[in-house]
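Let's take a walk through a protein model together, one step at a time. Keep the picture open beside you as you read.

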Amino acid sequence: MNENNTTLKVENVSKHYGEFTAVNDLSFDVRAGRVFGFLGPNGAGKTTTIRMIVGITAPDEGTVELFGERISNETQNRIGYLPEERGLYKKMKVQDQLRYFAALKNVSRVEADKRIDFWLERMKLAEWKTKKTTDLSKGMSQKIQFISTVLHNPDLLILDEPFSGLDPVNVEFLIEVVAELKAQHKTIIFSTHLMETAERLCDDIILINKSRKVIGGTLREVKGSFSKNLIALRCVGGSAVLEDESLVAKIATHADEMEIELAENADAQTLLKRLIENGASISKFEQIEPSLNDIFIEKITTDTDRIYE
Amino acid sequence: MRKFLAVVKHEYKKIVLKWSFILGTLLFPIIAAGFAVVPAIIFSIKGEPTRIAIVDQSRKIAGRLKENLSAERMTAKATQAMKDSLKNIDAPTDERMKNSAEQFVESFVFTDYNADEKSPEQIRRELGEKITSKELDAYLLIPSNLDAADAKYEFRSRKAGDFGGERNLRDALNEAVRSQRLAGANISEAQLKELSRNVDFDAKSLDEKGGEKDTDSVFIASLIIGLMIYITLAIYGQMILAAVVEEKETRIAEILFSSARPFELMMGKLTGVGLAGLTQLAIWIISALVLVGIGVAQMSAAGMNISIPNISPLMVILFFVYFLLGFFIYASIFALIGSMVTTVQEGGQFSFPPIMLLLVGFYFSFAVIRDPNSSLSFWVSIAPFFAPITMPVRILAETPPYWQIALSIFINAAAIAGLIWLASRVYRVGMLMYGKRATIPEVWKWIRQS
């Protein structure tokens, strides 16, 4: 239930630690009911920004608005935060811990118990309700941590590297659960540096590097602005055409196909025509969308070069 | 407010519902019961009475001797010995051994033996055989020339190393012979009794109002109170440290900080743990009072009279107040330390100074017991870190004027406010700093930042 369409509004936020600037003039919006990818390399300032969003620390400059207002105890109750480095009380029973975390978010005991049962069932951990944390495996602990994040039915979910340490099966499982939550119109912020997963899940992304925003927008927009004109090509012959530098800037040869990067003003259709004219036998000609991974690497590298110039 | 209570409840249950708490709480009363009940048991163990044959060749002092060895005399001696030993905690070892020996009630059974017309060698032989055949435990040969310089009193016993028995017998004998000498100087039995009557030494202390208190029991009670508070503060203070560091180590702090305000979290923690400590202390004090009541009843039944000090309900309330004051002072410090360090071990190293303060406070309480109204006692029962232990002791020993108590409470409460303010600054920042322990200059910076 959101008052308006923007769940989170970050405006010109900065954070300094002594000489070091962790976050520099950062601005972005997160719209309700969408999955927002908060991407960047290690040390970019993601966790610092998240802490400001969640109310653990306060920005030195700029404002953070949640659900249309400044952060308060009430707004905190509507946020679920799963930190990157996380833990559970060592000697407590699973149920007691979950009850405590729920109480801290102002969930009544009765309601909390119902939800605990539901979520333990959902995450396939029902038998572990009365067991102590020390009895759980790492994967199980992480699932419990996830439950504690969603237990109070938050409108905004912030997950910082939620997949780290999960085996592939559990990664899929978690993605499934997140998709369900999205279908319930929850807003979800993902912070990660795993691009494949981000690509699968995110509607909007922002990429930050060394305390600044590098690029942002919907996934479509970002990918679109970045069309590097790549062609996946499998053919026999046509090598003369491929050596034409006005058409082809780079060729990367993979197992049984080539990845062609078109030259500056070259056009894919022209290349195709020329290859056919040249008598090449083409079995595959496909325009590749750049992967988020590629975008990430390219953008971060150029940005870093810029900084060090 | 609701979240604060949730934290309090969580911390309280975390401590109280564990076996370690239940065990520790019960252990103290059991040990105290030991102290109360065991002496009573010891006193009622008279052991095997020593079967002794007294051969009085002088025919003058056997009667007196037997009287000196009677049950009532022995019991009275033991009582006095116990009282003395409790007062002289710092007495030298041999004196203490002497005291412990005298605490055992000796009982003697007198066996008749007709020594008429037997030579000394014959007597010795016959009695010696009786001892060997275990018919007799000991015999005493009193020579006919009682007072001669070379008079030899022979005591042979089966029990090797019967330290107490020998002592008691020797003392009784000396007394009897002394009485005999006095009689020989023509002093009648009645006069004798008058002259050698022990003074009834009534040791009591006067408090400010001129009322009387029994010093023996006050000493013990003050000691126990001081000890209880010291132990509880040390244990629960360190529990705070462990709880704070755990949340930091496991990074739970991040989730907590995104759910409630750091100040709420810290105060909830302090309050919850404090309540648990209060619960344990309350159980201890109640069981102590009950056991003392039982112990005193048993000892009076065994013929000894030890009175308990007068403890009013107001005093009990003040004890709890001071416990809480002490708890919040030390717990704030431990919370502060916990926020700075990264592991429990590091925390342990840093908890040395506060524990030292506690210990010094405990030692000061001895000085307070000795002289409750000295200026040292005044300052020490007002000063923030020492008052929680020394003031209760002082109240029990000799209640100071109310204005002093009020002043003490006020100063300590102010100290707590300051410490909590300090601790919450450090808590807020320190709980999120991982990796390395915060240095003092860093901590100072956190405190000055808002």
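**Strands and how they pair**

Start with two strands that lie side by side: E12(A) and strand E13 (residues 258-262) of chain A pair in the antiparallel sense, over 5 bridges. To find one spot along this pairing, look for A:Val248, which stands opposite A:Leu262 in E13(A). Bear in mind as you look that this is a predicted model.

What holds such neighbours together? Strands of a sheet pair through backbone hydrogen bonds, and they can do this in a parallel or an antiparallel way.

Now widen the view. The two strands belong to an open sheet of 4 strands in chain A, with the order E12-E13-E11-E14 and antiparallel pairing. Its edge strands are strand E12 (248-253) and strand E14 (281-288) of chain A, each of which pairs on one side only. Neighbouring strands in this sheet are turned against each other by 25 degrees on average, direction ignored.

For the other kind of pairing, move to strand E6 (residues 79-82) of chain A. E6(A) pairs with strand E7 (residues 156-160) of chain A in the parallel sense, over 4 bridges. Here A:Gly80 stands opposite A:Leu157 in E7(A). Are the faces of E6(A) buried or exposed? Both are covered: A:Ile79 and A:Tyr81 on one side are buried, and so are A:Gly80 and A:Leu82 on the other.

Finally, step back to see the whole chain. Chain A is divided into domain 1 (6-223) and domain 2 (230-288). Taken over C-alpha atoms, the centres of these two domains of chain A are separated by 44 Å.

Notes. Residues are numbered from 1 along each chain as its sequence is written. Chains are lettered from A and ligands numbered from 1 in the order in which they are written. This is a predicted model: local features need pLDDT of at least 70, side-chain atom pairs count only at pLDDT 80 or more; totals for chains, interfaces and linings use all residues. Domain bounds come from an automatic or database domain assignment. A residue is buried if 20 or more other C-beta atoms lie within 10 Å of its own, exposed if 12 or fewer, and partly exposed in between; C-beta atoms are placed from the backbone. Two strands pair if DSSP finds at least two bridges between them. Axes are lines fitted to C-alpha atoms, for helices over the stretch in contact, and angles run from 0 to 180 degrees between N-to-C directions.
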